[in-house]
Structures are given as C-alpha cells and as structure tokens.
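I opened my notebook beside the viewer today and jotted down what I looked up. Follow along with the structure at hand, if you like.

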Amino acid sequence: MERVVRVHYGGSVLESSNGGSQFDGMSVKMIVFQSKPTFEELLCRTKDILGWSDKVVSIQDRYDMGGEPISHKQMLELNGETEWEAYVEIVKESRFTMCT
C-alpha cells in the first residue's frame with residue numbers, strides 16, 4: 001500500500017446522508033514508488049504525472065470504516081507529512097482496508 005498509490009482525479013466526490021462517500025466520473029492512475037514516498041514526493045509525482053505542475057492540488061484519501069457486510073467509506077484530508085504518515089500507519093495497523 002505504501003509504495004503503490006491509486007490516484008482518482010477529475011469528477012467529484014459525492015457525500016451520502018450517512019456520512020459516507022463515493023466517487024463519480026473520476027479517472028484513475030496507479031503510481032508506483034520504489035519506496036514509501038514522503039508527502040512532498042507523493043504530491044510532486046502526482047502533479048508531474050497528471051501534468052499539473054502549475055496547479056494547487058489537495059490530496060484526500062478514502063478508507064473503509066465498515067466491516068463485512070457493511071461498507072462505510074470516509075474521506076480523510078491529507079495536508080502534509082503528519083497526516084500522510086498517520087494515514088499509512090492507520091491502514092497498516094487496523095482493520096481498515098484500502099478502497100477500490
């Protein structure tokens with residue numbers, strides 16, 4: 001998970017009344033890193049691959065708070081290294097799974 005990042009872009013995030021979310025009309029790119037990237041490396045590589053060098057980019061991630069059989073996807077703002085490191089650890093050490 002920490003070396004392969006699935007980037008969804010374009011389209012929109014639809015929030016449901018129960019606090020969950022889903023992606024609508026987004027394109028997807030897989031970005032593979034040789035080792036776990038820093039937040040700045042993630043941001044720079046994403047902007048480079050998508051040709052967005054002159055744009056301000058915000059990064060959010062989505063994780064599944066539910067368990068079988070209920071899925072409850074939440075968005076998490078990643079504003080810097082602290083949030084990125086915490087997110088990677090939360091996913092690795094918990095029952096949360098990466099969403100597709």
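These are my entries, grouped by the part of the model I was looking at.

**Before starting.** I reminded myself that this is a predicted model.

**Aromatic pair.** I then looked at its geometry: the ring centres of Tyr 9 and Trp 52 are 5.9 Å apart, and their planes stand at 85°. I noted the pair as edge-to-face, because that label needs an angle over 60 degrees. Next I asked myself which parts of the chain this pair links. Tyr 9 belongs to strand β1 (residues 4–9), whereas Trp 52 is in the loop between α1 (39–50) and β5 (59–64). The two are 43 residues apart, so I wrote the pair down as a link between distant parts of the chain. I also checked accessibility for both partners. Tyr 9 has a relative accessible area of 22%, so it is partly exposed. Trp 52 is partly exposed too, with its relative accessibility at 22%; I kept in mind that buried would require a value under 20%.

Lys 47 lies in helix α1. Leaving out residues up to four places away in sequence, I found Lys 47 touching Trp 52, Ser 53, Lys 55 and Val 57.

**Thr 46.** Is Thr 46 buried or exposed? This residue of helix α1 has a relative accessible area of 6%, so I put it down as buried. I then looked for its contacts beyond four places in sequence and found Val 7 and Ile 31.

**Arg 45 and Phe 33.** I checked where the charged end of Arg 45 goes. It sits over the ring of Phe 33, 5.0 Å from the ring centre.

**Nonpolar patch.** My last stop was the surface. Val 4, Val 28, Met 30 and Val 32 make a nonpolar patch of about 330 Å². Which strand gives the most to the patch? I found that strand β4 (residues 27–32) does, with 3 residues. Val 4 lies in strand β1. With a relative accessible area of 40%, Val 4 is partly exposed, and I noted that this value passes the patch cut-off of over 30%.

Notes:
Residues are numbered from 1 along each chain as its sequence is written. This is a predicted model: local features need pLDDT of at least 70, side-chain atom pairs count only at pLDDT 80 or more; totals for chains, interfaces and linings use all residues. Side-chain values use heavy atoms; hydrogens and water are left out. Rings of Phe, Tyr and Trp (its six-membered ring) pair if their centres lie within 6.5 Å; planes under 30 degrees apart count as stacked, over 60 as edge-to-face and the rest as tilted. Helices (H or I, at least four residues) and strands (E, at least two) are DSSP runs, numbered from the N terminus. Buried means under 20% relative accessible area, exposed over 50%, partly exposed in between (1.4 Å probe, protein chains only). A charge sits over a ring if NZ of Lys or CZ of Arg is within 6 Å of the ring centre and within 35 degrees of the ring normal. Contact means heavy atoms within 4.5 Å. Patches are made of residues with over 30% relative accessible area and no salt bridge: like charges are joined within 9 Å, nonpolar side chains (Val, Leu, Ile, Met, Phe, Trp, Tyr) within 5 Å. Accessible areas come from the Shrake-Rupley method with a 1.4 Å probe; for residues, only the protein chains shown count as cover. A salt bridge is a side-chain nitrogen of Lys or Arg within 4 Å of a carboxyl oxygen of Asp or Glu.
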